[in-house]
Each structure stands twice: as C-alpha cells, then as structure tokens.
Amino acid sequence: MKLLFSKYKEHRYIVNIFGLLIFITLISHLFRNHLDVINITLLHIIPVIIVAIYGKLKSTLLIAFICVILLNFLHIPPLYSFSVHNDYHILSFIFFGVIGGIITYQAKNLDSQKKQNEIRESLLNIVSHDLKTPLSTIQGSVNLMLSNSNLDEKSKYSLLEDINYSSQRMKRLITNILDSTRLSNKNIDIKYQWCDFEDILGVALDEFSQMQNDEKLIIKIDELSLFWGDNALLTQLFINLLDNAFKYSKKGTKIYFEITNYKKHVKIKIFNENEIIDKEKLRSIFDKFYRAEDSNDILGSGIGLSICKSIVKLHNGKIEAIAKNNGISIEVDLPIIKKVRI
C-alpha cells in the first residue's frame with residue numbers, strides 16, 4: 001500500500017495535467033464559435049509546457065501527442081476525424097513536440113545544476129564542521145603541551161594520542177572526499193592485482209588507535225588464498241567499514257569482523273550493536289551524504305558507506321545492511337573471478 005501511495009505521489013502531476021487538459025478541452029469546445037483555431041491551439045500548449053517543466057521527456061511527448069489528437073479531432077476541419085487538409089496544421093503539431101522537448105531539456109539542466117549545488121553545499125558543511133573539530137583538538141592539545149612544560153609522561157602520551165586520532169580522522173575524511181569524486185567518474189581504471197585480505201586488514205587497522213582495536217574488535221578470518229582485485233580500493237573499503245562500526249557502535253560492546261571463504265565468493269561481514277535501528281531507513285544507508293537523524297553528535301560526512309558501495313560495485317559484488325541482534329550487520333559479497341595458481 002505504501003509503495004502504491006509513493007508511486008502516486010511521484011506521478012501525481014500527470015493526473016493533475018490530465019485534469020487541466022480535460023478542462024481546457026471542455027472550455028475550447030463550448031466556446032469554439034468565439035475562439036480562433038490559433039487561440040485554441042495556444043490553450044492546448046499550456047499542459048505541454050507545464051508537464052515539460054518537470055523534466056520528463058516521455059510524459060511531455062505523451063501529453064503533446066494527446067493534445068494534438070484532441071485538436072485534430074475536435075477543432076481542425078474536417079471535424080470529428082483524424083484527417084487534415086492543410087500542411088500548416090501538421091507543422092503546428094510538430095511545434096508542440098519541439099516546444100515541449102526544449103523546455104524539458106532546460107528543466108533537466110536546472111535540476112542537474114540544483115543537485116550539484118546541493119552536493120557542493122554538503123561538501124562545504126563537511127569542511128566547515130567535520131574538519132574544524134579535529135583541527136580544534138589538535139590545536140588545543142599542542143597549545144597545552146607548549147604552555148605546560150611540567151606535564152608528566154602519561155599526560156603527554158594521552159595528548160599525543162588525541163593528536164594522532166584527530167589527524168587520522170582528518171586524513172580519512174579528506175581521502176573519502178577525494179575518493180568520492182574519483183569513484184563518480186564512470187571511466188575509472190581498476191588496478192587489478194593479487195591481494196591478501198589479512199594484509200589489507202592490517203593496513204586498515206593502522207588507521208585506528210590500538211586501544212580501539214584491542215578493546216572493541218573481534219576478528220575471525222577463514223583461510224584464504226590471494227584475491228584478484230584493486231588493493232588500494234579494497235583497503236579503503238575495510239577502513240570505511242571499520243570507521244562506520246567504531247563510530248556507531250554502542251559503548252561497552254564488541255564489534256565483530258568476519259571474512260568467510262565460500263570458494264566462489266568471499267563474504268566480509270562487520271557487526272556492531274547500535275541503538276539507532278530503523279529497518280525502513282537502512283535502505284538509504286549507502287546513499288551519499290545520508291546520516292541517521294539521531295547522529296548529530298557523531299563526526300562524519302555521510303559518504304563513507306556510499307564509497308563502500310561504489311568499490312563493491314566496481315568489483316561486481318553486492319553490499320547490504322541488515323538489522324539483527326540489536327545491531328546492524330554490513331555484509332559484502334565479492335565474487336572470485338580469478339584463482340591464483342601456485
């Protein structure tokens with residue numbers, strides 16, 4: 001029922017256009033003795049222009065075709081037939097389609113520009129907020145160390161940990177912004193090579209503090225042979241999966257990271273308990289710039305999981321988010337397209 005209502009809302013403008021077209025047809029027919037054919041034609045262009053503003057070419061051509069049929073049948077001699085005796089009338093019919101096509105094209109350009117502006121605004125918000133916070137932490141820690149020469153080793157180490165953590169966050173954020181731009185390019189080159197998942201996981205874990213890894217993470221890896229894929233992209237996949245789990249896991253709970261070998265494909269699964277679980281919203285979790293409504297206190301750009309989806313897609317795999325056991329499990333299936341020969 002919800003799906004039907006959603007479809008209706010999406011195409012409601014077509015119903016409104018048909019209502020307008022029926023109204024114009026009735027008015028034109030009632031007052032045809034007082035209106036010239038050119039006036040009636042202009043009235044029938046109105047629905048074509050309105051539907052064209054929505055940027056849907058098929059809908060525009062459909063309405064233009066119906067308008068032409070109604071004009072021809074009701075107002076162009078001989079009346080109540082689909083034949084015409086004047087080439088001028090045929091040209092006016094073509095004019096409907098051309099006008100509709102031009103407006104549709106312009107509407108699509110405006111819509112595309114609007115989306116680009118929204119993306120640009122989102123990126124500016126990321127830079128102004130998510131980069132500002134770790135920078136403030138780094139600056140505050142450095143100032144504290146410089147202004148207090150009597151700090152004990154434990155305090156210095158704690159401040160250095162904060163600086164390291166914040167700098168790593170900045171690095172991941174900048175990398176994600178650059179990767180998001182690069183992965184949006186349809187002509188991106190995949191640099192295939194033999195990859196070792198254990199090595200990739202080791203490199204990914206180096207992006208996070210040792211305390212995070214030791215206290216929260218439980219790792220289980222099947223015996224795996226080398227995998228044919230892009231090492232850099234797969235490393236970024238692991239980093240973003242871990243980063244998402246660390247950020248959104250409930251305090252005092254464990255994160256379970258598993259890599260399972262199914263011979264024809266490799267399954268990567270990461271699970272964390274989370275208070276913010278909404279099965280309906282899980283469908284949007286991989287959309288660019290999507291963030292949970294109750295996560296304003298959590299740093300993040302909302303592009304990490306969208307990058308994961310792009311990387312998985314480039315490797316002909318699939319990724320999904322599943323709500324279970326009071327948490328969220330992100331599961332990735334990567335097909336084994338080539339096997340190493342030893």
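Being four residues apart in helix H10, Lys247 and Asp243 are about one helical turn from each other. Their side chains meet in a salt bridge, 3.7 Å from N to O. The term requires a side-chain nitrogen of Lys or Arg within 4 Å of a carboxyl oxygen of Asp or Glu. The structure holds five salt bridges.

This is a predicted model: local features need pLDDT of at least 70, side-chain atom pairs count only at pLDDT 80 or more, and totals for chains, interfaces and linings use all residues. Residues are numbered from 1 along each chain as its sequence is written, and side-chain values use heavy atoms, leaving out hydrogens and water.

## The sheet

Five strands form an open sheet in the order S2-S4-S5-S7-S6, with mixed pairing. Strands S2 (217-221) and S6 (318-324) stand at the edges with a single partner strand each, so one side of each has no neighbour in the sheet. Helices (H or I, at least four residues) and strands (E, at least two) are DSSP runs, numbered from the N terminus. Two strands pair if DSSP finds at least two bridges between them.

S6 and strand S7 (residues 327-335) run antiparallel, joined by seven bridges. Ala323 stands opposite Ile328 in S7.

## Helices on the sheet

Helix H10 (residues 231-248) lies across S2, S4 (255-261), S5 (265-273) and S7, at about 20 degrees to S5. Helix H11 (residues 304-314) touches S6 and S7, and its direction makes about 135 degrees with that of S6. Contact means heavy atoms within 4.5 Å. Angles run from 0 to 180 degrees between N-to-C directions, with axes fitted to C-alpha atoms, for helices over the stretch in contact.

## H8 against H10

The axes of helix H8 (residues 197-205) and H10 come within 9 Å and cross at roughly 55 degrees. That makes H8 oblique to H10. Angles under 35 degrees count as roughly parallel, over 145 as roughly antiparallel, 65 to 115 as roughly perpendicular, and the rest as oblique. The contact includes Phe197, Ile200 and Leu201 of H8 and Leu234, Phe238 and Ile239 of H10. By class, this contact has 10 nonpolar, two polar and no charged residues. Ala, Val, Leu, Ile, Met, Phe, Trp, Tyr, Cys and Pro count as nonpolar, Asp, Glu, Lys and Arg as charged, and the others, Gly among them, as polar.

## H2 against H4

Helices H2 (residues 12-30) and H4 (residues 57-75) pack at about 15 degrees, with axes 12 Å apart. H2 and H4 are therefore roughly parallel.
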